[in-house]
Amino acid sequence: MIQLMDGGVYLVGGTELVADNAEAVAAIKAKTGKDVNKQEAAKETIAYSILEKHNTSGNMDKLKIKFDKLTSHDITFVGIIQTARASGLTKFPVPYVLTNCHNSLCAVGGTINEDDHMYGLTCAKKYGGVYVPPHQAVIHQFAREMLAGGGKMILGSDSHTRYGALGTMAMGEGGPELVKQLLNQTYDINMPGVVAVYLEGEPVLGVGPQDVALAIIGAVFKNGYVKNKVMEFVGPGVASLSADFRIGIDVMTTETTCLSSIWQTDDKIKEFYDIHGRSEDYAELNPGAVAYYDGCIKVDLSKVRPMIAMPFHPSNTYTIEELNANLMDILDDCEKKALVSLDGAVDFTLKDKVRNGKLYVEQGIIAGCAGGGFENICAAADILDNASIGPDEFTLSVYPASMPVYMELVKNGCAAKLMQTGAVLKTAFCGPCFGAGDTPANNAFSIRHSTRNFPNREGSKLQSGQIASVALMDARSIAATAANKGYLTPATEFDGKFNQYKYFFDKKIYENRVFDSKGVADDSVEIKFGPNIKDWPAMVALTDNLLLKVVSEIHDPVTTTDELIPSGETSSYRSNPLGLAEFTLSRKDPNYVGLAKEVQKAEKAREDQACPVEAFPELEAAWKAMKEITPDADSTNTGIGSTIFAVKPGDGSAREQAASCQKVLGGWANIANEYATKRYRSNLINWGMLPFIIEEGELPFKNLDYIYVPGIKKAVEEKASVIKAYVVGEGQTKEFDLTLGELTDEERQIILKGCLINYNRV
């Protein structure tokens, strides 16, 4: 069903794949009558053409991108605007949409959430933005309906900012990258590789977009096949998919760790724009006559079967048929993975869900930017027509992705079909995706058409002995399972009829409720600040030398941003940097915050021109060893802070707080074998933290050791390829090497200044 091709490929005439070798190139020349030049053919991808139009550097190897539009939600926009305000923001220079779909419930932290919403509304008025109130639409559905445009580029502060199916190249990044755009700066990257996703055939009945997406994720995540590259969807199979189906695959490309995505477009996408009253925003996009790709994922849609991603990652994939046939073996494997992911903090098993040889689940959720689309919910309604979910543990909640979608489901009767079964329809909300809505019971198992199933994401609190787990599935198979009263069932077993529902978009809902400044700023508006909204604390510039204490050591194969800063109820504190920092690593390493704060005492004393050793006596041995290496090192030129080691940190969310929380607690660096995503590494840099890399193998240090990095400022300034560091402490000095990877000149300046705010502050 999925084939990864070795090496590069040419796509000829939009349909024929040709391997990159001399014989094949000769065949292309014979067919087209033209010489084949790989460098020129690479310019014939859709991705290249869009990036070229948005690049301001004049150098297509070193891109400086300016985006057409920006979008954020209520977990991120307060921090972004506060950062931009600290740097002199007077007006949003491009359309900026502030949606309120994460902290919509206003149920945690007193008035915090609604205070943030009022902050967003007043900022949209003051700076000339768009404000989408809670429950109207999830961020990505609103962007699809109202923002996307053929050949355009959108930057969002949510990792699932993906609108490639509509011909829009979109990227999800941490907040500081949006700050740069608000300050008329650029998004700086090397020209990314472009990988073709070649679709052929068409899906069988019962297979949905999540099934195709999970099959692709399972094939490419672990091997990094598309990491930091653009996935370009081409081939004859594209035409067999509806716009909604393409959108459902596209949004999940984030879970492959790709940089972005783009699709060829056709009349079905034109119809999407026509339906939404934006015909002028459609553009037909196709690769050139001979286009070169750095790799190719061949997908035979006809062979995809209903899929399930078992805990604790979207790449932990099986067909549902395979799971049912090898149930105990696969559940045993999940328990082994849990020992790594959960560190043995709680007893975890799914084997108790097996009843009479079948897997029973307690909860089904169809929600958000991935599951809440019109066609997904209509298909679920057809499967559940005249069925009952039963009066036992199993529950089913359905969240349409926007009020216009919800209204059409009411009008066409699908809402009634679902409610009659015992399912509950709720308003547009991202909560089930990140642990702030429909949290399962302790030891419960939930199946969800949403984006992620990381450990701890669905509301677990290991420190309180609470654990629940999530598997990802398509809405169709969730509905089939619901019709079977909670027993896992693939939708291909449904032998009824899928109706063809036509979608009608009612724009009056948004006209009546969404605030749109039309780009006009009103400087007379006073911003409303709730008591929780705090400014960023002052951050000092990089010192000549650094003395770092390792305060957490994580050896999981991958560490997610959810583990670095938990989602769920902690989201309410995202407008309060110091308040949120109290939750850093709380579900992965509860000792982290206390240890980081102890080290920070020494740094604060140093900044106050007091003796750091007196403020933190534990420092004495390391300080003495440091002086032996570089006698001129002292409190005037040597910063003191904390660092963590993780094998591969940063998978998942774009949330900048995974880095900024470490920073405000005195973190000055991360040390890793590699970084899971560009997003997380960029967040570290933008908060003035050093993204150190150390070669795989036995570490020269352990948790609670001190690491001395002499001459770090000079090394950053002079672009040193290798940085000498030392483990220092009681009678020991051990030398080892670190690197920083590639940094742009601007990124180096941000690190030297201490953070992006300092870099921009006049």
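User: To start with, what volume does the largest pocket have?

Analyst: Please keep in mind that this is a predicted model. The volume of the largest pocket comes to about 910 Å³. The pocket is lined by 31 residues, and those closest to its centre are Ser242, Asp244, Glu375, Gln500 and Tyr501.

User: Which helices supply at least two residues of that lining?

Analyst: Three helices do so, namely H9 (243-250), H10 (267-275) and H14 (374-384). H14 provides the largest share of the lining, with five residues.

User: And how does the lining of the largest pocket divide into nonpolar, polar and charged residues?

Analyst: In the lining of the largest pocket there are 16 nonpolar residues, seven polar ones and eight charged ones.

User: OK, what about the second largest pocket, what is its volume?

Analyst: The second largest pocket has a volume of about 680 Å³. Its lining is made up of 24 residues, with Asp188, Ile189, Asn190, Arg681 and Glu742 closest to the centre. By class, this lining has eleven charged residues, together with seven nonpolar and six polar ones.

User: Which strands and helices supply at least two residues there?

Analyst: Strand E4 (62-65), strand E10 (187-190), helix H26 (678-686) and helix H28 (745-753) each supply at least two residues of the lining of the second largest pocket.

User: Let me follow up on H26: is it mostly covered or mostly open?

Analyst: H26 is mostly covered, since nine of its nine residues are buried. Just after H26, Gly688 takes a positive phi of about 75°.

User: New topic, then. How many cavities of 30 Å³ or more does a search of the whole structure find?

Analyst: The search finds five cavities of 30 Å³ or more. In the largest cavity there is about 240 Å³ of space, and 25 residues line it, of which His73, His102, Asp158, His160 and Arg457 lie nearest its centre.

User: Which elements give two or more residues to that lining?

Analyst: For the largest cavity, these elements are helix H6 (139-146), helix H13 (368-371) and helix H17. The largest share, three residues, comes from H13. Sorted by class, the lining of the largest cavity has eleven polar, nine nonpolar and five charged residues.

User: And how much space lies in the second largest cavity?

Analyst: About 70 Å³ of space lies in the second largest cavity. The residues that line this cavity include Gln141, Arg144, Asp244, Cys369 and Asn376. H6, H9 and H13 each give two or more residues to this lining, and H9 gives the most, with three residues.

User: I clicked on Cys430 by chance. Where does it lie?

Analyst: Cys430 lies in the loop between strand E22 (424-425) and helix H17 (431-434). Its relative accessible area is 9%, and because the cut-off for buried is under 20%, Cys430 counts as buried.

User: Which residues is Cys430 in contact with, leaving aside neighbours within four places in sequence?

Analyst: With those neighbours set aside, Cys430 is in contact with Cys101, His102 and Val138. Cys430 and Cys101 are 329 residues apart in sequence, yet their C-alpha atoms are 5.7 Å apart in space.

User: Switching to sheets now: what is the order of strands in the open sheet of seven?

Analyst: The order is E31-E30-E28-E26-E32-E33-E34, and the pairing is mixed. Strands E31 (690-693) and E34 (732-738) stand at the edges with a single partner strand each, so one side of each has no neighbour in the sheet. On average, and ignoring direction, neighbouring strands of this sheet are turned by 30° against each other.

User: In which sense do E26 and E32 pair?

Analyst: Strand E26 (residues 545-554) and strand E32 (residues 706-709) pair in the antiparallel sense, over four bridges. Lys549 stands opposite Tyr706 in E32.

User: Last one, which way do the residues of E6 point?

Analyst: In strand E6 (residues 96-99), Tyr96 and Leu98 point one way while Val97 and Thr99 point the other way, and all of them are buried. In a regular strand, side chains alternate between the two faces of the sheet. E6 runs parallel to strand E5 (residues 69-72), and three bridges join the two. In E6, Val97 is the bridge partner of Thr71.

Key:
Residues are numbered from 1 along each chain as its sequence is written. This is a predicted model: local features need pLDDT of at least 70, side-chain atom pairs count only at pLDDT 80 or more; totals for chains, interfaces and linings use all residues. Side-chain values use heavy atoms; hydrogens and water are left out. On a 1 Å grid over the protein atoms alone, a cavity is a set of points where a 1.4 Å probe fits but cannot get out, and a pocket is an open set with protein on both sides within 12 Å along at least five of seven lines; lining residues have an atom within 4 Å of a point. Grid points are joined across faces, edges and corners, and a volume is the space filled by probe spheres set on the points. Ala, Val, Leu, Ile, Met, Phe, Trp, Tyr, Cys and Pro count as nonpolar, Asp, Glu, Lys and Arg as charged, and the others, Gly among them, as polar. Buried means under 20% relative accessible area, exposed over 50%, partly exposed in between (1.4 Å probe, protein chains only). Contact means heavy atoms within 4.5 Å. Two strands pair if DSSP finds at least two bridges between them. Axes are lines fitted to C-alpha atoms, for helices over the stretch in contact, and angles run from 0 to 180 degrees between N-to-C directions.
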